[in-house]
Amino acid sequence: MPQLYLGLMSGTSIDGVDAALVDFSDSHPRLLDCQTFPFPSSLSDELHQLSAPSENEIELMGRADRAVAEVFAEASLQLLKDNYVRPDQIKAIGSHGQTIRHIPFGEHSFSLQIGDPNTLATLTGIDVIADFRRKDIALGGQGAPLVPAFHKAVFADPTKSRVVINIGGIANITYLPKRDSDDIIGYDTGPGNTLLDAWCKLHTGQNYDEKGQWAAQRSADPELLQLLCGHPYFSAPAPKSTGREQFNLPWLEQNLGSMTRHIDPQVVQATLVMLTTYTIAKQVLQFKDVEQVYICGGGARNEFLVEELESELHECELFTTDELGVEADAVEAMAFAWLAYAHVNNIRGSVASVTGATKGAVLGTFCPGRE
Ligand SMILES: Nc1ncnc2c1ncn2[C@@H]1O[C@H](COP(=O)(O)OP(=O)(O)O)[C@@H](O)[C@H]1O
Ligand SMILES: [Mg+2]
């Protein structure tokens, strides 16, 4: 009997929602399908606006909360239709929600995701597990990253130490030592695609730099790279997580403004690629026994970025997770299907050594969808 779950992930890139259909009936979860459903551009604009302080935030957030849930519901139902699966065959949906603020430090730290799970459950008729980060934060953790437990469940190897690199809007790594007894390590390394996308949009009008072709025509500016690498996040110890609150266009422009010469926009783009790859590689290389590195997330489709990463990590074998049977774009959505499965089966979804919480916990809030 198949045990089907849906996973929904819309990350910091705000490009849309990835929806994955996963079967957990076997010891190894099987990805049956994954598709991306873009946000309508007006909703995407609103979500970008909500990601930074602005006017009338509460009302805007309340409305976007329901609008996002409608997109999630349409995505879920379309994915099921395409796979000839009925809603009553799905055990539960794991819905991450759209992060509009992630402030994991200071008093009353918090992480806020929207996409009302009650609306999603009502529109689909499927039980929904959502709000995965808050239990971990209540336990003193950062609430992020949450994918490492899933990476361990599906990508760990008993004979080879591996690192999984997820390059979404923000990039995160998971170190999976070959010996099962060792604690896994995982944290956000800093910007993945978020600055690349923002700068590309500003100068070319395109949402992202297809395959990194625009950046690939120029070389990075070493002085600007050094300046950007001076952000205190990069040298802070783990556990740590970050978001658009720290890495955004105003931060980049402030750094450009402090330089005494003008830098060509394409050179800036090439420098941002180096910022992403250098800050990831520096963290990966500190794990001395790593033999294999697997990339996932939309950044794995940026060929220039992958080439640069390959040259920084020349000591290791570099693959995309496609080689392990999970296409790079589907990993995070599949992880949230797994977190729903973990909730239903009382399995801990967080790892204390990763998030800094006092202990790992069963994550998520349950919203019934069946009549
Ligand atoms: N063909 C491509 N060429 C270059 N970059 C790409 C390509 N496909 C996806 N990306 C990058 O991946 C991003 C989406 O990655 P994703 O893993 O969905 O991030 P998030 O989880 O933050 O939404 C896009 O915004 C873009 O920067
Ligand atoms: Mg995305």
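Two residues are taken to be in contact if their C-beta atoms, placed from the backbone, lie within 7 Å. The structure is a predicted model, in which local features need pLDDT of at least 70 and side-chain atom pairs count only at pLDDT 80 or more, while totals for chains, interfaces and linings use all residues. Residues are numbered from 1 along each chain as its sequence is written, and chains are lettered from A and ligands numbered from 1 in the order in which they are written.

The domain assignment gives domain 1 (4-142 + 333-367) and domain 2 (148-328); such bounds come from an automatic or database assignment. Between the two domains, 25 residues of domain 1 are in contact with 26 residues of domain 2. On the domain 1 side, at least two residues each come from strand 3 (30-37), strand 4, helix 13 (331-344) and helix 14 (352-355). Strand 4 gives the most to this side, with 4 residues. Helices (H or I, at least four residues) and strands (E, at least two) are DSSP runs, numbered from the N terminus. By class, the side of domain 1 that touches domain 2 has 10 nonpolar, 13 polar and 2 charged residues. Here Ala, Val, Leu, Ile, Met, Phe, Trp, Tyr, Cys and Pro count as nonpolar, Asp, Glu, Lys and Arg as charged, and the others, Gly among them, as polar. The centres of the two domains, taken over C-alpha atoms, are separated by 23 Å.

Ligand 1 is surrounded by 20 residues, each with its C-beta atom, placed from the backbone, within 6 Å of the ligand. The closest are Gly11, Gly168, Gly169, Asn193 and Gly298. The shell divides into 2 nonpolar, 11 polar and 7 charged residues. Both domain 1 and domain 2 give residues to this shell, so ligand 1 lies between them.

Burial was assigned from C-beta atoms placed from the backbone: a residue is buried if 20 or more others lie within 10 Å of its own, exposed if 12 or fewer, and partly exposed in between. In helix 1 (residues 41-50), the buried residues are Glu46, Leu47 and Leu50. Seen down the helix axis, these fall within an arc of 100°, so they line one face of helix 1; the arc is that of the directions from the axis to the C-beta atoms. The buried residues of helix 1 pack against helix 2 (57-82) and strand 4 (90-103). Exposed residues Ser41 and Asp45 are carried on the face of helix 1 turned away from its buried side.

Helix 2 has 26 residues and reaches 37 Å from its first C-alpha to its last, close to the 38 Å expected, where the expected span is 1.5 Å times one less than the number of residues. Its buried residues include Asp65, Val68, Phe72, Ser76 and Leu80. Just after helix 2, Tyr84 takes a positive phi of about 55°.

Ala333, in helix 13, is buried because 28 other C-beta atoms lie within 10 Å. Leaving aside neighbours within four places in sequence, Ala333 is in contact with Gly7, Leu8, Met9, Asp18, Ala19, Ala20 and Cys34. Lys359, in the loop between helix 14 and strand 12 (365-367), is exposed because 12 other C-beta atoms lie within 10 Å. Lys359 touches Leu139 and Ala352, residues up to four places away in sequence not being counted. Lys359 and Asp136 are 223 residues apart in sequence, and their C-alpha atoms are 8.3 Å apart in space.
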